[in-house]
Amino acid sequence: ICPACGYREQAPDADGFCRPCAERRVVERYLENQGRAAAARNAAWRERTARARTAAQAPDHLRERQHYSRLRRAVRPRRPPWPSADPWELGAEALATINRLREMAVSQDALAALEDLAELVRWLAWGPDPEGER
């Protein structure tokens with residue numbers, strides 16, 4: 001008679017449990033072991049990331065990180081330029097495109113906006129002034 005259910009007779013070479021109870025015990029032990037292993041992994045993960053989490057939760061740090069992330073997403077190109085890309089060549093290409101748009105613009109507001117855009121492209125291509133002057 002099976003010690004777990006008390007009903008079924010077990011085979012003489014078995015561990016004392018009937019086949020359904022033995023299978024159920026194997027699954028229960030597996031789930032128990034997996035639960036302990038998952039809890040240990042979660043505890044180790046929490047311990048490893050606790051310092052980073054507390055530093056990242058500071059409002060100023062979080063705000064700066066989000067701001068940087070948004071800027072990075074906003075300026076990320078659809079495809080990166082080739083490795084030997086020259087910022088001046090890219091700027092010249094952008095200015096040529098702006099000039100084509102300028103020919104199509106009909107309002108003075110559009111022309112002014114394109115001129116502002118052209119100046120921003122020049123700034124990006126030129127880079128910051130090493131002396132800090134504008």
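This is a predicted model: local features need pLDDT of at least 70, side-chain atom pairs count only at pLDDT 80 or more; totals for chains, interfaces and linings use all residues.

Q: What makes the order of elements in the protein chain α-α-α-α?
A: Helices are DSSP runs of H or I with at least four residues, strands are runs of E with at least two, and both are numbered from the N terminus. The protein chain has four helices and zero strands, and from the N terminus on the order is α-α-α-α.

Q: Why are Leu95, Ile98, Leu114, Ala118 and Val121 called a nonpolar core?
A: The term covers buried Ala, Val, Leu, Ile, Met, Phe, Trp, Tyr and Cys residues joined through side-chain atoms within 4.5 Å. Buried means under 20% relative accessible area, exposed over 50%, and partly exposed in between (1.4 Å probe, protein chains only). These five residues form the largest such core. The elements giving two or more residues to it are α3 (87-104) and α4 (108-126), and α4 gives the most, with three. Across the protein chain, buried residues make up 9% of the 134 residues.

Q: Which residues does Ala118 touch, leaving aside those up to four places away in sequence?
A: With contact meaning heavy atoms within 4.5 Å, Ala118 touches Leu95, Ile98 and Arg102.

Q: Why does the pair Glu115 and Arg102 count as a salt bridge?
A: The rule asks for a side-chain nitrogen of Lys or Arg within 4 Å of a carboxyl oxygen of Asp or Glu. Glu115 and Arg102 meet at 2.9 Å, N to O. Glu115 lies in helix α4 and Arg102 in helix α3, so the pair ties together parts 13 residues apart in sequence. Arg102, Glu115, Glu119 and Arg122 are linked in a network of salt bridges.

Q: How do you know whether Arg19 and Glu23 are exposed or partly exposed?
A: Arg19 has 66% relative accessibility and therefore counts as exposed. Glu23, at 43%, is partly exposed. Their side chains meet in a salt bridge at 3.3 Å, N to O. Both lie in helix α1 (residues 19-56), four residues apart, and are therefore separated by about one helical turn.

Technical notes:
Residues are numbered from 1 along each chain as its sequence is written. Side-chain values use heavy atoms; hydrogens and water are left out.
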